[in-house]
Every structure is written in structure tokens, then in C-alpha cells.
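Biologist: I would like a close look at one part of this chain. Please take a strand and what surrounds it, and go through it step by step.

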Amino acid sequence: MTRKQKRLAVIAGGMGFILAAVLLVMFAFSQSVAYFYMPADLAKTPVAPETRIRLGGLVGEGSVVRGTGSTVEFAVTDGSTNAVKVKYTGILPDLFREGQGVVTEGMFAAGTNVFVADTVLAKHDETYMPKDVADRLKSQGLWKEGQGQENPGKEAQGKQAQGQEVKATP
């Protein structure tokens, strides 16, 4: 073998190694990918049973039914007429409640339209704003009533727990 042939063999071997590594990584990712769907997306394009997906939306009002043990059934909706029935066995997050945002991960049971979740993540309210910031915005006329936090006492309780002084408002 000449020097040029050796160099080409090393380059070809290196490229083959890199190609094999990329293919292994792509195979590993394809096994763990869970696509995100909303109930309206599922109404348009159904997903095959036993396909792992993430389902997101709001917990339907009046849909939470607690079963035996730690089994809970509820509906996930996206504000339209579409709702997906979800069954979950486990401990729910503290922020889980009706009307709250939720992301579930799992798959549809074979032969049914029930989504069996193995993970439930509750999303917090994006409109939360600390009381002092909300008061400042109200005084400037930039804050509309009804926006922001639902329980203004929680911030004061948190400041007291941290040892900060809290002024009482009438």
C-alpha cells in the first residue's frame, strides 16, 4: 500500500465510524421521542394505539373522577368541543385541578379511546404576578382588575417565612 492509499483507508474508516455513531444516536432518539398533541390535533389525525405521545391541554371542568386507590380519570380539553379521556394511576402533582393546564405522557390503550398516562405534569398559571408589582401597575393604570394572582395572601406568607417585614394593607 502506498501512502496515499493508507491515508484514504484511514479517512474512510473514520467516516464509517462517524456514520455508525450518528445512526446509533438517531436510533436511540427515535425510541424515546414522544410527540406533543392537543385534543384538536388528535381529532384531525388519530394516533395508532401503543404509540407513545404527550397530550396537553386543560383539565375539563367536572371531569375528575377518583377511582379506587390512586387511580384518577379526567378529561383533557383544549377549549374546543374536543376532549380526551385520560386514566392515570399514581400521585397527582399539587397544582393539578380542574381548569388548570396539564401535560400527560403515555399511550392510547389498544381497542379504546382512553389515553393511559404514566406521567402527569401540572402547569402553573402564567398570569401570576407578585402583589407589589400588580399594585404598582394598578397605580399607573396599566393593570386590569381580574388579572394576576388569585390568592394575594400567599406572597405575604412567603415573605414572613423568609423573615422579611410585611406591611398590612386595609
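Modeller: A residue counts as buried when its relative accessible area is under 20%. The model discussed here is predicted.

Start with strand β4, which covers residues 71-77 and includes T77. T77 has a relative accessibility of 17%, so T77 counts as buried. The side chain of T77 reaches the backbone oxygen of N82 at 2.9 Å. N82 is also one of the residues in contact with T77 once neighbours within four places in sequence are left aside; the others are P39, G57, L58, G60 and A83.

G60 comes up again with S63. S63 sits in the loop that runs between β2 (53-59) and β3 (65-66). With a relative accessible area of 18%, S63 is buried because the limit is under 20%. The side chain of S63 makes a 2.7 Å approach to the backbone oxygen of G60. The side chain of S63 also reaches the backbone nitrogen of A75, at 3.1 Å. Not counting residues up to four places away in sequence, S63 touches A75 together with E73, F74 and E98.

Next, the partner of β4. β4 and β5 are paired in the antiparallel sense, over seven bridges. In this pairing, V72 stands opposite Y88 of β5. The two strands form a hairpin with five residues between them, and in the turn G79 has a positive phi of about 90°.

β5 itself has two faces. V84, V86 and Y88 make up the covered face, while A83, K85, K87 and T89 are on the uncovered one. β5 is also joined to β7 by three bridges, and these two strands run parallel. There, K87 stands opposite V116 in β7.

Methods
Residues are numbered from 1 along each chain as its sequence is written. This is a predicted model: local features need pLDDT of at least 70, side-chain atom pairs count only at pLDDT 80 or more; totals for chains, interfaces and linings use all residues. Side-chain values use heavy atoms; hydrogens and water are left out. Helices (H or I, at least four residues) and strands (E, at least two) are DSSP runs, numbered from the N terminus. Buried means under 20% relative accessible area, exposed over 50%, partly exposed in between (1.4 Å probe, protein chains only). A polar contact is a pair of N or O atoms within 3.5 Å; within protein, one must be able to donate a hydrogen and the other to accept it, and residues adjacent in sequence count only if both atoms are side-chain atoms. Contact means heavy atoms within 4.5 Å. Two strands pair if DSSP finds at least two bridges between them.
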